[in-house]
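The entries follow the order in which I looked things up.

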Amino acid sequence: MKLRRVDMVVLGIETSCDESAAAVVRGGTEVLSSVVFSQVALHQPYGGVVPEIASRSHVEKISGVIRDAMTGAFAPSGATDAAFDPAWWDGVDAVAVTYGPGLASSLIVGLSAAKGLALRLKKPLIGINHIEAHIHSVFLSPGAPPPSEAFPLMALVVSGGHTCWIEMPRPGVYRLTGQTLDDAAGEAFDKAAKLLGLGYPGGPAIDRAAAAAKSFDVAAFPKGAPRRGNPALGALRAEMCVSFSGLKTALMYRLREAPPENEEHIAGIAAAYQEAIVAALAERSERALRDGCYRALAVGGGVSLNRRLRERLRQVADEAGVRLLLAEPRFCGDNAAMIAGLAGFGGGVRGSAALGLDVAPALETGW
Ligand code: KG4
Ligand code: ZN
């Protein structure tokens, strides 16, 4: 990985799933602007992301979102309604964009926009891996340590599409040590909320319902341990991986056998279900930290907003004697500041190879 230029200003673009986002970041960590248009309301009636709707919405929104990010970063005294000044482009050194993993029909919108801009402006294009960017999101907060003080680190990325543990001995080096073999943690939250009638997206709804529970049965749900010999493990160790699909099935049977009679029952079930996911994530994180010598546990992705998970990971990090690095709430979910940040820090596909990139929906990290 090339060393970053400390003052490099990058315009980042992110459209891997259902957020159209753009941001301007200086030197890898200083966020000058970050704009996110969330499509949640568009997908709500369907209880999940509909790729066709997502793609169409990205096409409609991405130019305006980029324009707003540029205005936020370069308008004099931060006036948000300032007329766009083409001279602002002179302040941008490179254009960075997510090229995978994600939904192909969503990724293609951001990648095409970024290629077009880079060619038109004669600026370098940098292709970014979305998962690697989620890890970088922990360095975007003013209170975060400089990245140079955080390595070697263990990272946990938990979102609606991903749940994985990645070891980073130093910047730019990624080694996958564990992952979910089926559903991502966020997906498990979303499916449970649907079954419990709590709405979409499910994570925040379960988090809220669980907080209101007076008591719950800790042993009500399986703790996400995958079966040994599961072919999806590949070269990974079973004790470092999780499986959440059984959890959702257990909930389905439980609701069928004993339908909840009131809100208190629902809260109790939500709390037990949340605890099972959190316990699985905390236990694997504990093991991952025990197996190596790390200075930090870095946690990114939408599920890292979960209050109980934050609390448990704090204990895990304290007991292991490592620093817990959590992204600021606005950088937990999908955003473009993490894309521009990682690019400004020296990551991603650079040079002429970047212009030749195609979308990579199943892009892997650290194999
Ligand atoms: O990172 P993100 O915004 O998008 C993806 O890349 O998937 O994550 C979205 C996921 C959703 O599944 C949502 O339910 C979950 O993050 N989530 C939460 C919470 N807030 C969002 N899960 C648990 N507790 C929360 N408070
Ligand atoms: Zn994400």
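Below are my entries on the metal site, the helix packing, the cysteines and the backbone.

**Ground rules.** I am working on a predicted model, where local features need pLDDT of at least 70, side-chain atom pairs count only at pLDDT 80 or more, and totals for chains, interfaces and linings use all residues. Residues are numbered from 1 along each chain as its sequence is written, chains are lettered from A and ligands numbered from 1 in the order in which they are written, and side-chain values use heavy atoms, with hydrogens and water left out.

**Zinc site.** Which residues are the protein donors of the zinc ion (ligand 2)? I found His-130 (NE2), His-134 (NE2) and Asp-334 (OD), lying 2.1 Å from the ion. Donors here are N, O and S atoms within 2.8 Å of the metal (3.2 Å for Na, K and Ca); water is not among the atoms, so sites may look incomplete. I noted the sequence spacing of the donor residues as H-x3-H-x199-D. His-134 sits in helix 4 (residues 130-136) and Asp-334 in the loop between strand 10 (323-326) and helix 10 (337-344), so the pair ties together parts 200 residues apart in sequence. Helices (H or I, at least four residues) and strands (E, at least two) are DSSP runs, numbered from the N terminus.

I then checked the angles. Those among the four donor atoms run from 88 to 139 degrees, and the site is irregular. Four donors count as tetrahedral if all angles lie between 85 and 135 degrees; four count as square planar and six as octahedral if opposite donors are over 155 degrees apart and all others between 65 and 115; anything else is irregular.

Burial came next. His-134 is buried at 0% relative accessible area, and Asp-334 is buried at 16%. Buried means under 20% relative accessible area, exposed over 50%, partly exposed in between (1.4 Å probe, protein chains only).

**Helix pairs.** The axes of helix 7 (residues 245-257) and helix 8 (residues 263-290) come within 11 Å and cross at roughly 160 degrees. That makes the two roughly antiparallel. Axes are lines fitted to C-alpha atoms, for helices over the stretch in contact, and angles run from 0 to 180 degrees between N-to-C directions. Angles under 35 degrees count as roughly parallel, over 145 as roughly antiparallel, 65 to 115 as roughly perpendicular and the rest as oblique.

I moved on to helix 8 and helix 9 (residues 307-320): the axes come within 9 Å and cross at roughly 20 degrees. Helix 8 is thus roughly parallel to helix 9.

**Cysteines.** How many disulfides does the structure hold? I counted zero. A disulfide is a pair of cysteine sulfur atoms within 2.5 Å. For Cys-17, the nearest cysteine sulfur is that of Cys-164, 15 Å away. Cys-17 is partly exposed at 23% relative accessible area. The sulfur of Cys-164 is 10 Å from the closest cysteine sulfur, in Cys-241, which is too far for a bond. Cys-164 is buried, at 9%.

**Backbone.** I found a cis peptide bond between Gly-100 and Pro-101, with omega about -10 degrees. Pro-101 lies in the loop between strand 4 (94-100) and helix 3. The bond from Phe-151 to Pro-152 is cis, with omega near 0 degrees. Lys-122 is not a glycine, yet its phi is positive, about 55 degrees. Most residues other than glycine have a negative phi, and most peptide bonds are trans. Lys-122 is exposed, at 75% relative accessible area.
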